[in-house]
Amino acid sequence: MLFLSPMFLWFLAAASVPVLIHLINRRRHKTLQWAAMQFLLKAARQSRGKKKLRHILILTCRALGIAALAVAAARPIVSGLIGWGGGSIDTVIFLLDRSTSMEIKPGDGLDTRRQIVIKKVRDAMADLGAARFVLIDSASSKPQEIPSPEILADLSAVAATDTAADFPALLARAAEFLTDSTGRTEVWLASDLQSSNWHPEDDDRWAAIRATLAALPKSPAIRVLSITGPTATNSSVRLLGTRRTGDELLIDLEVVRAGDVRGSATLPLTTHLNGARSTETLTLPGQSLRFQKRVALPAGSDTGFGWLSIPVDGNARDNAAFFAYGPARPAKSLIVSSPGENADYLELAAAPPGLDSLSTQRVDPEQAANAITADLSAILWAAPLPTGTTAEKIKGFLTSGGQVLFLAPGGPSNITFNDLKWSDPSEPPAGKFFILKDWNHSDGLLRDGIDGTPVSAHRLKAIRRQIPLGTAIPLARWEDGEPAITRRVVDRGSAWFLGSIADYTWSNLGDADVLLPAVQRIIAAGADRFDTSYLASVGSDTARILPGETRTRLDDQDTPDPANAEHLAGVFRFGDRLLAVNRPPQEDAPEILTREALDAVLEGTHYTLLDQAGQANDPSLARDVWRAFIVAVLFFFIAEALLCLPNKQAINLKSEIPNSKPATP
Amino acid sequence: MHSFIDNALLSRLAALPIESRVPMLGNVVGKHRSPHRGSSVEFAEYRKYVPGDDTRRLDWKAFARSDRFFIKEFEADTNLRAYFVVDASGSMKFSNKGEAKIQYARRIAASLAYLLVNQGDAAGLSICTDKLHLEVPPSRRAAHLERFFSTLDKLEPAGETGLIDALHTIAEKIGRRAFVVILSDLFTDPAVFGDVLQHLRYRKHDISVFHLMDPQEIDFEFERPHRFVDLEDGTSLVAEPNLIADEYKTALHDFLTAVRSKCHDASADYQLVTTDTPLEPLLREFLTARLPKSKH
């Protein structure tokens, strides 16, 4: 609690006046010769207890009334931010969340959450007077001392960015800074409590931070300025991926409407490509829409860039998705299989007739080692698991981001690859089939289409199967619960296992309901590693300048801020590299940190949560509460008056004296 | 001239006689009814003649009508002897809002004594503290009043009350029926006081009690803490009067109720009086109430 007129606090001493008067009165009593002593002694005996308590209450009410009056005159300001006794804070470390999600506007104002909290912290710091003020922003994570809170809002270090915040890292920096700091210190965290920024699952980092804070000579008070609450209407557009196929760029997009919205809505989606612009109307049937946009590239265009944007709304920084592309690169795949029906179906699925951008090569298992090259997108392996040099080559291929699909070898095999192997072939009871029943609709080879259309995987029936054994994530299961498709992530690539083959003596896999999408998705995932070299997230290693490079922004979507260029999304040229940099995907995650999770990560720090600090209609983090004390004054004095009221049932002895009246002079 | 004598008041009250509520035994003829049959003009009853009766009191007309001898008896009138018992304990010295209780007692005793002697009755005085220490025997002579007044005048209240012992002594000591007027603040045990009233009543005395209180003792209004010192035994108590006023009044109310009840049980006249009460209406009401109903 702070006081705008602290000199009035001296009047708190006046609270002792009623008690002093009482004590002085007791000492300076008047002596009176008294006759009716027997009643007086009896009354004194009886009045102990209840009457004494009443008298103490009266004195207390008087003292508290005066004290409340003195406090009210001192103009108290109270807030969870400054806390009680906050007048002697020596250092304030302000951890500011500059992530994209902080750029949303509350529903009741024009400023963004970041701007609102900066103003409030500025005012609170002005109230604190001479306290040392250190800013650590989430974009740079560098501590910098702010000479005057007045300039806080004008600093580039508090400007908007397209970054994601990392609060464990920020608190670690603050703890590191505090090791050299003395005096009473407070750490103020301004955040919208976006769960992805707090990493509550990272127990080890949080434990280390708590230990560091606890080891400080004087633990700082931690105030969390929770900037949550209602927001203005907002929609965001996010780039999921791009792939060039010939003269066409396939862009996977997601448009999301924030909040609990119902019904469909239309949005204009503008495509900016190499300086040209076109707009189309997008209809969102619900809260979100994932779709693939095909952008025709200019003939002969090797490289280029652009962005897709929706109109500015509640958050101006999530309305654009940047992309860049390089020369067309056909997706090559390798089929390793003995000749036969299975190999034929795989070849058809890998390179359907008429698609020039897809090519495949078929080799026997013995020749596989020589055929595996770095420009392959995927390997379709329908043979016993590789061994020796071939296995090593495939591991290297996986490490570099390649995709490998292992199909059942078609016979018993004890060979292991990366601790994975196949079971012996098995058959269902007579007259029955192995039917694919459960599969992951959001991940894996059988995930639903980008528009939500499910794969008809339930049509897959097998009369023979082999179960993939070993530690791998099952993504589809047979009716009896045994895994049909599993995945093992190996560094940047993935090894997939499918427990049957496209042969009529095994299954109807060749019917294309499962095989075609599975193979195409594996090839697309493998080819993405060539296209993703043009995409990066703000703050990622790829988006950093390498020695000898300079950063040049190519797009004009936003007014460039040179001081914050590395923290902004856009299309950049880093030396010879062309890179479209978008906000990190975690900034679009809507989950908010729960109070329980906050308690868990800040356990033992005795932090204070100042809720709703981001509301524009709440002008200050501190509240002038003198009115409350005036109410308290009235309360105490009314209570004192009520306690002093004479007993209504008091005996009127005069009525018992018939001739009692003043004597005639 | 004594300060407690108000000639104007006495002259205004002179027209009102002091009547006894019980028949009195006196040695001279007076205006008060006697338990004996006497020579008054007021007929009492007939009774049969027995040898030895005064034949002058035979009712010949009754003999003529009934051929039997009847003696005609008349009420005997006699004088009244009044004993004023004045409590001279230390508590009677108290005065705050009104005059001291002892002074008020003086005025009542002196006024009533004057009226009694003036109508031919005898008035005596008993002063009591912790023991009966001064007594003026009753007398009808006008010169006796001066002694009565002087004794009152010299009265100095002190010590604890000896009212109960004094009244028991008076009850035993007075051989004949008398009018006993008690002037006290009665700061004693009401039960014990009730016993002594019954004692007096048993001796067929006519009892009147003037219960004297100071207005401050009734109101108990103070503005600051006080150290109360007992006028009788010097005990002291520091108290915040406002805090104990209710309890004090309750205790006092209980005491007054008990005293009134005891007086009622002993058929004694009870007058609760504060010292700021004008004397004339008090005495006028007292005297009027004692008049026989036929004389009202």
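I started with chain B, where β6(B) and strand β7 (residues 206-213) run parallel and are joined by six bridges. This is a predicted model, and I read every entry below with that in mind.

**Entry: the pairing of β6(B).** I looked up which residue of β7(B) faces B:L183, and found B:F210 opposite it. Next I followed the chain from β6(B) to β7(B): it passes through helix α6 (residues 190-202) of chain B, and this β-α-β crossover is right-handed. I then turned to strand β3 (residues 81-87) of chain B, which is parallel to β6(B) and joined to it by five bridges. There I found B:V86 standing opposite B:L183.

**Entry: is β6(B) covered or open?** I checked whether the residues of strand β6 (residues 179-184) of chain B are buried, and six of its six are. I sorted them by direction: B:F179, B:V181 and B:L183 point one way, while B:V180, B:I182 and B:S184 point the other way, and all are buried. I noted the general rule that side chains in a regular strand alternate between the two faces of the sheet.

**Entry: B:L183 and the largest core.** I asked what B:L183 touches beyond four places in sequence. Its contacts are B:F84, B:V85, B:V86, B:D87, B:A105, B:I108, B:A109, B:F210 and B:L212. I then looked at the largest nonpolar core, which has 85 residues; B:F84, B:V85, B:A109 and B:L183 touch the most other members. Helix α3 (residues 101-118) of chain B gives the most to this core, with twelve residues. I also found a second, separate core of 61 residues, which includes A:A382, A:A383, A:W496 and A:I522. In soluble globular proteins, nonpolar side chains tend to be buried together.

**Entry: chain A overall.** I noted 13 helices and 32 strands in chain A. Of its 665 residues, 39% count as buried. I took the contacts in chain A between residues at least 6 apart in sequence, and 77% of them join residues at least 24 apart.

**Entry: helix α10(A).** I checked the length of helix α10 (residues 388-399) of chain A. Its twelve residues should span 16 Å at 1.5 Å a residue, and the end C-alpha atoms are 17 Å apart, which agrees. I listed its buried residues as A:T390, A:I394, A:F397 and A:L398. Seen down the helix axis, the buried residues of α10(A) fall within an arc of 100 degrees, so they line one face. They pack against α9 (368-371), β18 (376-382), β19 (403-407), β25 (483-490) and β26 (493-498) of chain A. On the face turned away from the buried side I found the exposed residues A:G388, A:T389 and A:T399. Just after the helix, A:G401 takes a positive phi of about 110 degrees.

**Entry: helix α11(A).** I made the length check for helix α11 (residues 515-531) of chain A as well. It has 17 residues and reaches 24 Å from first C-alpha to last, close to the 24 Å expected at 1.5 Å a residue. Its buried residues are A:L515, A:A518, A:V519, A:Q520, A:I522, A:I523, A:G526, A:A527 and A:D531. I had already met A:I522, in the core of 61 residues.

**Entry: two positive phi values.** I noted A:H199, which has a positive phi of about 50 degrees although it is not a glycine. It sits in the loop between α6 (195-198) and α7 (203-215) of chain A. Is A:H199 buried or partly exposed? I counted 18 other C-beta atoms within 10 Å, so A:H199 is partly exposed. B:F220 also has a positive phi of about 50 degrees and is not a glycine. I placed B:F220 in the loop between α7 (215-219) and β8 (226-230) of chain B. It counts as buried because it has 20 C-beta neighbours inside 10 Å.

**Entry: A:D252.** I found A:D252 in strand β10 (residues 248-257) of chain A. A:G241 is eleven residues from A:D252 in sequence, and their C-alpha atoms are 5.1 Å apart. Beyond four places in sequence, A:D252 is in contact with A:L240, A:G241, A:Q292 and A:I450. With 15 C-beta neighbours inside 10 Å, A:D252 counts as partly exposed.

**Entry: where the chains meet.** I counted 35 residues of chain A in contact with 39 residues of chain B. On the chain A side, the elements giving two or more residues are α1 (17-27), β2 (30-34), α2 (37-47) and α3 (50-73). The largest share of that side, ten residues, comes from α2(A).

Note on methods. Residues numbered from 1 in each chain as written. Chains lettered and ligands numbered in written order. Predicted model: local features only at pLDDT ≥ 70, side-chain atom pairs only at ≥ 80, totals over all residues. Core = buried A, V, L, I, M, F, W, Y, C linked by C-beta atoms within 7 Å. Buried ≥ 20, exposed ≤ 12 C-beta atoms within 10 Å, placed from the backbone. Helix = DSSP H or I, 4+ residues; strand = E, 2+ residues; numbered from the N terminus. Contact = placed C-beta atoms within 7 Å. Pairing = 2+ DSSP bridges. Right-handed = clockwise from strand over helix to strand, strands pointing away. Expected span 1.5 Å × (residues − 1). Arc of directions from axis to C-beta.
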